[in-house]
Amino acid sequence: ASATRGFKSGGCNMLAVQPGFKEEKVWNFEAGVKSELADGRLRLNGNVFYMDYTDMQVGQIGNLSSVLTNAGESRIYGAELEVAALPVEQLELGATVAYLNTAYKDFCTGDPTKPAAPVDAGCTAADPIQLKGNELPRAPEFAVTASATWTVPMADGSDLALRADARFQSDTYFTQFNRPLVSQDSYTVVNARVTWTSANDGFSFGVWANNLFDEDYYTEVLESGAFNPQLVAQGYVAPPRTYGVSTEYRF
């Protein structure tokens, strides 16, 4: 178990017209366990954590410029579980599960899509909108991974390894405003690989495919910061299905 206190320096952004931003401070509390069971054939690790932020530095797009501002208070808590198992000599299994709950506790700011917004309680005319309760950007509630590797010994002493892995991520927002237009729905990506390794481990040859089922999703979505007459979003699409071969020689 641990309790730590940290900070990130404040400063000013020379590339945008904005006030200076304050330093960010955080208290982080964490407790966990690491274990090996069944004569080393099972590994089980888990932890829970709580993070309490003051003046978290938050990036925004405003007037077509990237700016930094401070959210008054925000918090993050969650849990992680990791399992790795070797049920038989040739089969290795692994899985992770992460749960994340994030929220701003106090964050007054401006919104380019609401230039005439009324002033919320506790805010000012310069930063009229209260985002209390909104999720933090890029913080999916659930992330799950799973993998399996089956290694087949060959008659000449070489090995043939067949591996598949998958990752699921729940929906997430890309900005503090939690707009559906600037978000990503949940998705699952599956990868596969077959690798042959020589008897002396000096040479290997692999055939692989990433994003095997050609899942469409975004790695980043940005909003322009302009609203005339509607918000414009720009998305970065993740790579589609890719496949190929690779070799490795060790000496």
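Q: How many residues of the lining of the second largest pocket are nonpolar, polar and charged?

A: Ala, Val, Leu, Ile, Met, Phe, Trp, Tyr, Cys and Pro count as nonpolar, Asp, Glu, Lys and Arg as charged, and the others, Gly among them, as polar. In this predicted model, the lining of the second largest pocket divides into 12 nonpolar, 6 polar and 4 charged residues. Residues are numbered from 1 along each chain as its sequence is written. Local features need pLDDT of at least 70, side-chain atom pairs count only at pLDDT 80 or more, totals for chains, interfaces and linings use all residues, and side-chain values use heavy atoms, with hydrogens and water left out.

Q: What is the volume of the second largest pocket, and which residues lie nearest its centre?

A: Rolling a probe the size of a water molecule over the atoms shows where empty space is left. On a 1 Å grid over the protein atoms alone, a pocket is an open set of points where a 1.4 Å probe fits, with protein on both sides within 12 Å along at least five of seven lines; lining residues have an atom within 4 Å of a point. Grid points are joined across faces, edges and corners, and a volume is the space filled by probe spheres set on the points. Here the volume is about 340 Å³. Of the 22 lining residues, Gly59, Gln60, Arg138, Phe174 and Gln176 lie nearest the centre.

Q: Which element gives the largest share of that lining?

A: Strands are DSSP runs (E, at least two residues), numbered from the N terminus. The largest share of the lining of the second largest pocket, 7 residues, comes from β3.

Q: What lines the largest pocket?

A: The largest pocket, with a volume of about 850 Å³, is lined by 33 residues, and Gln60, Thr69, Thr109, Gly110 and Asp127 lie nearest its centre. β4 gives the most to this lining, with 7 residues. By class, the lining has 14 nonpolar, 14 polar and 5 charged residues.

Q: Which residues have the most contacts inside the largest nonpolar core?

A: A nonpolar core is a set of buried Ala, Val, Leu, Ile, Met, Phe, Trp, Tyr and Cys residues joined through side-chain atoms within 4.5 Å; buried means under 20% relative accessible area (1.4 Å probe, protein chains only). The largest such core has 14 residues, and Met56 and Tyr104 have the most contacts inside it. Its largest share, 5 residues, comes from β3.

Technical notes. Helices (H or I, at least four residues) and strands (E, at least two) are DSSP runs, numbered from the N terminus. Buried means under 20% relative accessible area, exposed over 50%, partly exposed in between (1.4 Å probe, protein chains only).
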